[in-house]
Amino acid sequence: MQNFRYIDKVATLSLDQETCIGCGNCVTVCPHRIFGVAERKAEIEDQDACMECGACAKNCPVQAISVNPGVGCAAEIIANWINGFVGRKIMSGCC
Amino acid sequence: MGRPGPESPLLVTANYKLSFDALRFQLDTIDAWLLVADTRGVNVWCAAGKGTFSTEEIIHSVQQSQLQELVSHRTLILPQLGATGVAALEVTKGCGFKVQFGPVRTSDLPTFLRNNNQADEAMRSVTFTLKERAELIPVELYFLLQPLVILFLAGVLLSGIGPTIFSASAAWTRGLHLLSGTLVGIGCGTILLPLILPWLPGRQFWVKGLLPGLAGGIACWGIFSGQITTPEGLALLLWITAVSSYLAMNFTGSTPFTSPTGVEHEMRRGIPIQVAATVIGLLLWVAVPFISQP
């Protein structure tokens, strides 16, 4: 994945180290390997590689991670815009 | 799979044909149980993102299949990419089975199982190799068939408009030129772009789509140089670039590294430019018969 970098400084991922218990679930599930655990606390090592899939937040036992999850897909976003505009679901987006 | 016994591992997947076939193919030497979650034919990652490969669905499948009677252990192995939709701890609470996330790719499963269910960093990372990108091209093209028919009909209509209100011969010859342009744009945005993606300048996909589009547009202009006027060539160039840029932006949905916040960010910048190029290009195209008449 080193060949592929997306837009910097946009991902909504954040980690509350106070709450973190250092279980390492986020390290396991992240498909971009952006977490590490040091001294029983997780840390975000590469924030800009985050694709906001939400796997870490979903598998955090103490809700220390917050991210606005979704699929990074233009067709999906266009469908959401149009559905929001007309007030009902007329487009289905991707997959 | 094979001849599983009470000790054999329990693998969970989605009822997406390719995932299922990949598992069967990779595991022909391994004895394992397979639990197939009903994701209505959608692959694990998409289904996890859309909520069908979910905590509830896994619990439901476990309970339906009465797994506890088949195996002596209490561990489910899920594909790692399912973690987007499945909270491991809640599955354990819901049905008593512990969840372990296996590797991202099925091809790493035999190694994972041999290594006492340990996955290394490479097995846990998504990739986007040339082969993986090339495999997406037919899928992307398939989704364009219907829009292409509409674009072709609209193109013929636009091309026929002229001082005589509508000219069937112009509709045909100019319609074919416009269709060729559309096809070149699709070729640039849907075939060329995925192949050369890592080497294209720009982080935002609509920007990455510009260069192939400009190259395709210039090539198209060159090929038709004897048959079309300069404004028509310029119109084709603008249209092809807009198509390529738009399709490049759409390709974000097929990549494993674009964030929704990032995609929305780039769409707010790219779409106005794509719309402007399209409108100027098509206005030029329609205007040509009026300005070039003696």
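**Reading a two-chain model**

Author: A:Met51 sits in the loop between strand S3 (41-44) and helix H2 (55-58) of chain A, where helices (H or I, at least four residues) and strands (E, at least two) are DSSP runs numbered from the N terminus. This is a predicted model, in which local features need pLDDT of at least 70 and side-chain atom pairs count only at pLDDT 80 or more, while totals for chains, interfaces and linings use all residues. Residues are numbered from 1 along each chain as its sequence is written, chains are lettered from A and ligands numbered from 1 in the order in which they are written, and side-chain values use heavy atoms, with hydrogens and water left out.

Reader: Is A:Met51 buried or exposed?

Author: Buried means under 20% relative accessible area, exposed over 50%, and partly exposed in between (1.4 Å probe, protein chains only). A:Met51 has a relative accessible area of 9%, and therefore counts as buried. Leaving aside neighbours within four places in sequence, its contacts (heavy atoms within 4.5 Å) include A:His32, A:Gly70, B:Trp45 and B:Phe257.

Reader: In what order do the four strands of the open sheet in chain B stand?

Author: Strands of a sheet pair through backbone hydrogen bonds, either parallel or antiparallel. Here two strands pair if DSSP finds at least two bridges between them, and the open sheet of chain B has the order S2-S1-S3-S4, with parallel pairing. Strand S2 (33-37) and strand S4 (98-101) stand at the edges with a single partner strand each, so one side of each is left without a neighbour in the sheet. Strand S3 (residues 75-78) is joined to S4 of chain B by four bridges, and B:Thr75 stands opposite B:Lys98 in S4 of chain B.
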